[in-house]
Amino acid sequence: MNTEEKLNRYVLHSYGRYPMAAVRGEGSRLWDSTGKCYLDFCAGIATCALGHCHPVVTQALQKQAATLVHCSNLYQIPQQADLAEFIVTKCVERPGKVFFSNSGAESNDGLIKVARRYGHRKPQADGKPRYEVLTFNKSFHGRTLGSMSATGQDKIKIGFDPMLPGFRHLPFNDLETAREAIRPETVAFMLETIQGEGGVNCVTPEFLRGLAQLCQEHDLLLLMDEVQCGFGRCGDIMGWRAVAPDVEPDGVSWAKALGGGFPIGGFWISDRAIDDQGTELASIMDPGSHGSTYGGNPLGTTVGLAVLREIVSQGLPERARRLGAEIRAEIESWNLPVIQGVRGLGLLLGIGLNPEMVDAPEGKTVAAVVVEALRQEGLLSVPAGPETVRLLPPLNVSEEEVQQALAIIRRVLKTYVK
């Protein structure tokens, strides 16, 4: 049996897979089992921040795998401490504590648990705990029951009802509606800096600052989901700072780029005081409140530290900002009627498509049709909603590779202009 036949027979059919089997990667390029080479502007959906098989990642994996792969969080893990220190001091640059998980969904579940616990510590006037987390339409926070309940997309919830209670989804970038939505049981706002899965929709500075003000006025937590847009992709090491650097979030979640392809996630909680006694917000998650068998293991945290050091030392966030602006300007200069705007920040970009100009067979979206056409021409990308093609190249993609990708995109999109 070939790979496709084995997957069909032995693996749960929970993915719609493209007809290719990836077997090797190097930098911004990926090869399939037939030997065809692709420019990879999907990068594991923003995961391979340094591309494939970067020496920094490979060497960190090899060295640590020969030393210690795993031990329990019942013991002190030096690599975990080192990575947490780097994230707090060099990335977030605000006092706080980090918890390490294995994925973005787990990280967001952690933020939700922090919000729930805060609602117990700071309850409603009648003593009942606050528990409601307000999120936004077209958001995506993961596929565990908790993170899926927080997600503002009905399509991923079909057949899994009832969702966990305690979430409402509001219009994105509508501050007045957000203000009016606050109830006595509300405890937090949770949002992405850029809604990657929802169509590459950016939060506006005014909206983010407005939410931060509402949080201060109503004693709510401001929680940022940076699973896809964090660690340099938006043009700053922290995505929210690329939009509104003066905002002070209470919690931030990550995964994807953190391990450069190795599975690791995490979330940060602020050390700000939450009462007159100086109790720190992060301290409400005390021993026994949260845990993970694999989270923060020596191998994962060693790789994570190597990846983040490379991103920071090479100035990749600033480079992403510059390259993203150049890509956006180039695509907009084509003036192709099939393109309905270019959205995003840094190297998280979305090309909006005119659905009337792309024929999509029943059961397929316009974005999926164009993504497949790009793949056949040697460029890997990924849909972002039904009418947007997402570009997520490695942060260290070369300018020559960017030009090669743009040539493919232009060639493919011109075929839809009659």
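1. Start with strand E5 (residues 132-136) and its neighbour E7: the two run parallel and are joined by three bridges. One of the pairs to look for is Leu134, whose bridge partner in E7 is Phe189. Keep in mind as you click around that this is a predicted model.

2. Now stay on E7 and look towards strand E10 (residues 221-225). These two strands also run parallel, with five bridges between them. Phe189 turns up again here, as its bridge partner in E10 is Leu222.

3. Is E7 mostly covered or mostly open? Mostly covered: of the seven residues in E7 (residues 186-192), seven are buried.

4. Next, hop over to an open sheet of four strands, which has mixed pairing and the order E1-E2-E3-E15. Which strands stand at its edges? They are E1 (22-26) and E15 (379-380); each has a single partner strand, so one side of each is left without a neighbour in the sheet.

5. Zoom in on E1 and E2 (residues 29-32). They run antiparallel and four bridges join them. Together they form a hairpin, with two residues between the strands. Glu26 stands opposite Arg29 in E2, while Ala22 has Asp32 of E2 as its bridge partner.

6. On to a pair of helices, H3 (residues 55-65) and H9 (residues 298-313). Their axes come within 9 Å and cross at roughly 155°. An angle over 145 degrees counts as roughly antiparallel, so that is how H3 lies relative to H9. The crossing is right-handed.

7. Who makes that contact? From H3 it is Val56, Val57, Ala60, Leu61, Gln64 and Ala65, and from H9 it is Pro298, Leu299, Thr302, Val303, Ala306, Val307 and Glu310. Sorted by class, the contact of H3 with H9 has ten nonpolar residues, two polar and one charged.

8. Last stop: Glu5, which is found in helix H1 (residues 3-10). Its relative accessibility is 42%, so Glu5 counts as partly exposed.

Note on methods
Residues are numbered from 1 along each chain as its sequence is written. This is a predicted model: local features need pLDDT of at least 70, side-chain atom pairs count only at pLDDT 80 or more; totals for chains, interfaces and linings use all residues. Side-chain values use heavy atoms; hydrogens and water are left out. Two strands pair if DSSP finds at least two bridges between them. Buried means under 20% relative accessible area, exposed over 50%, partly exposed in between (1.4 Å probe, protein chains only). Axes are lines fitted to C-alpha atoms, for helices over the stretch in contact, and angles run from 0 to 180 degrees between N-to-C directions. Angles under 35 degrees count as roughly parallel, over 145 as roughly antiparallel, 65 to 115 as roughly perpendicular and the rest as oblique. A crossing is left-handed if the near helix is turned anticlockwise from the far one by less than a right angle, and right-handed if clockwise. Contact means heavy atoms within 4.5 Å. Ala, Val, Leu, Ile, Met, Phe, Trp, Tyr, Cys and Pro count as nonpolar, Asp, Glu, Lys and Arg as charged, and the others, Gly among them, as polar.
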